[in-house]
Amino acid sequence: MARPTSSGNLPPGARAVRRQGAAAGAAVLAVAGLVLAGLGEPSSAAAAEGARAPGAHSAPDPDLVRAMSRDLGLTASEAETRLGNEAAAAATSRALRTALGDSFAGAHVSGRTAERLTVATTDAAERSRITEAGATARVVTRDLGALDRVQKALDRAAARSAPKDVPVWYIDTVRNDVVVEARSTSAAHALLKRADVDRDAVTVRRTTAEPRPLADLRGGDAYYMNGSGRCSIGFSVTRGGQGGFVTAGHCGTPGTSTSGYNQQPQGSFQGSTFPGRDYAWVAANSSWTPRPLVNGYGGGDVTVAGSTEAPVGSSVCRSGSTTGWHCGTIQQRNTSVTYPQGTVSGVTRTTVCAEPGDSGGSFISGSQAQGMTSGGSGDCTSGGTTFFHPVNPALQAYGLTLVTSGGGGPTDPPDQGTWAAGTAYRVGDQVTYDGVTYRCVQAHTAQPGWNPQDAPSLWSRA
């Protein structure tokens, strides 16, 4: 979603990172790891220094490279180049999102090694700013705020009554519209009518998919709920000195006890949201130490360095206790999916396969945590589609700190300021969030994860 802001010059550090992305490889990857969600951009000097000094940073994890080679059909060299390009693209698109403000309409990478970054805008005058940053400019009709309003209208209609035969809808930044996937066109049109949305902004596609939460009752390690059902750990977190992990909300409710992969007592669910969103956090007892690692299932652990959001088209890998380690690409963010239990919004759609028991497990792009496995369709024999809930909204909702390693330290959630979930806001109300003042542009009751920074349809910078 767009982040409203005044326009200004693109930080030169982002330009330096983008230009040297393919050549710097691991160096750029490490620099991007410093661009932690909610903590702002690194200084231009720091970014340039990181790109100049590849010897100062470790190479991409070899198990990650092997998995990408297997699942994406890349050579090891191509996988490493792709990781470097994606990290550079993430830094550039983040900076452009801030610089373009309301005219930002999304970004995606393309090409075998993600060598091309395309950034969309509704303002033709911003072409030069985008190309100067090393990206390809694309002028479109609708900004992310406009598309977000369409999707939110669909979400509200689904919240009143879960739509039958309409399993998925999402913002497609490549097409610059909202896609509704349905098992029948009449079911799709019924949802559009209830939502009262602009039909010109929507594309209806037929699907036979039947998504379901992937629970059969380290990141990626198994844990058991109340001694029976099994899910997977997402990422290690802390809150006020208490260690634990984030996972999927559908895996348990507050008070649900957990045991670890070794069936030893582990902890209990402290907070859980499902449906609507699909995230939760578990506080672990003193026998369990949070580590900044994801289980690579086949060769070693992958280190978590931060939680910078990867652009659409980026490679992403998933760790889960049923099917282990698999990779694919990010298809769309801002997706809504209807499970038998209700609709979940704000998830990310991917080509990665998954199966029951993988729920809650880690999605990671390079060294950057992306989210926790929610559900999907298909399996790892025939392939399929899997959705993950982004990790940053979960950190924000529960005031958690992501446990990381390497240059950047823990990823703290943004300072929520005067904004508070559960508060009813009227048009014109002002709040502060992460040091910025916002004005309410649409009356609503605040929900976790729909903060002023990430909900441009509800808030604008004052």
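**View 1. Threonine 385 sits in strand E22, which covers residues 383–390.** Strands (E, at least two residues) and helices (H or I, at least four) are DSSP runs numbered from the N terminus. The model shown here is predicted, so local features need pLDDT of at least 70 and side-chain atom pairs count only at pLDDT 80 or more, while totals for chains, interfaces and linings use all residues. Residues are numbered from 1 along each chain as its sequence is written, and side-chain values use heavy atoms, with hydrogens and water left out. Threonine 385 counts as buried because its relative accessibility is 18%; buried means under 20% relative accessible area, exposed over 50%, and partly exposed in between (1.4 Å probe, protein chains only). Leaving aside neighbours within four places in sequence, threonine 385 is in contact with residues including Gln331, Arg349 and Val352, where contact means heavy atoms within 4.5 Å.

**View 2. Here is the largest nonpolar core, with 34 residues.** Such a core is a set of buried Ala, Val, Leu, Ile, Met, Phe, Trp, Tyr and Cys residues joined through side-chain atoms within 4.5 Å. Val119, Leu154, Val180 and Val197 touch the most other members. Among the elements giving two or more residues to this core are helix H6 (76–100), strand E2 (116–121) and helix H8 (144–160). Helix H8 gives the most, with seven residues. Take a look at valine 197: apart from its neighbours within four places in sequence, this residue is in contact with Val150, Ala153, Leu154, Leu192 and Val202. Another core, of 28 residues, lies apart from the largest one and has Val294, Val304, Met372 and Ala394 among its residues.

View 3. Rings of Phe, Tyr and Trp (its six-membered ring) pair if their centres lie within 6.5 Å; planes under 30 degrees apart count as stacked, over 60 as edge-to-face and the rest as tilted. Tyrosine 223 and phenylalanine 245 make a tilted pair, at 5.1 Å centre to centre with 55 degrees between the planes. Tyrosine 223 is buried at 0% relative accessibility, and phenylalanine 245 is buried at 4%. The rings of tryptophan 419 and tyrosine 433 are edge-to-face because their planes are at 90 degrees, with centres 5.7 Å apart. Ring pairs also link Tyr223, Phe245 and Phe269 into a cluster.

**View 4. Cysteine 231 and cysteine 251 are joined by a disulfide, S to S 2.0 Å.** A disulfide is a pair of cysteine sulfur atoms within 2.5 Å, and the whole structure holds three. The link of cysteine 231 and cysteine 251 is left-handed, with -90 degrees about the S-S bond. Both cysteine 231 and cysteine 251 are buried.

**View 5. A disulfide also joins cysteine 317 to cysteine 327, S to S 2.0 Å.** This disulfide is right-handed because the torsion about its S-S bond is about 100 degrees. Cysteine 317 lies in strand E17 (residues 315–320) and cysteine 327 in strand E18 (residues 324–339), 10 residues apart.

**View 6. Cysteine 353 and cysteine 380 form a disulfide, S to S 2.1 Å.** The link of cysteine 353 and cysteine 380 is right-handed, with 100 degrees about the S-S bond. Cysteine 353 is buried at 11% relative accessibility, whereas cysteine 380 is partly exposed at 24%.
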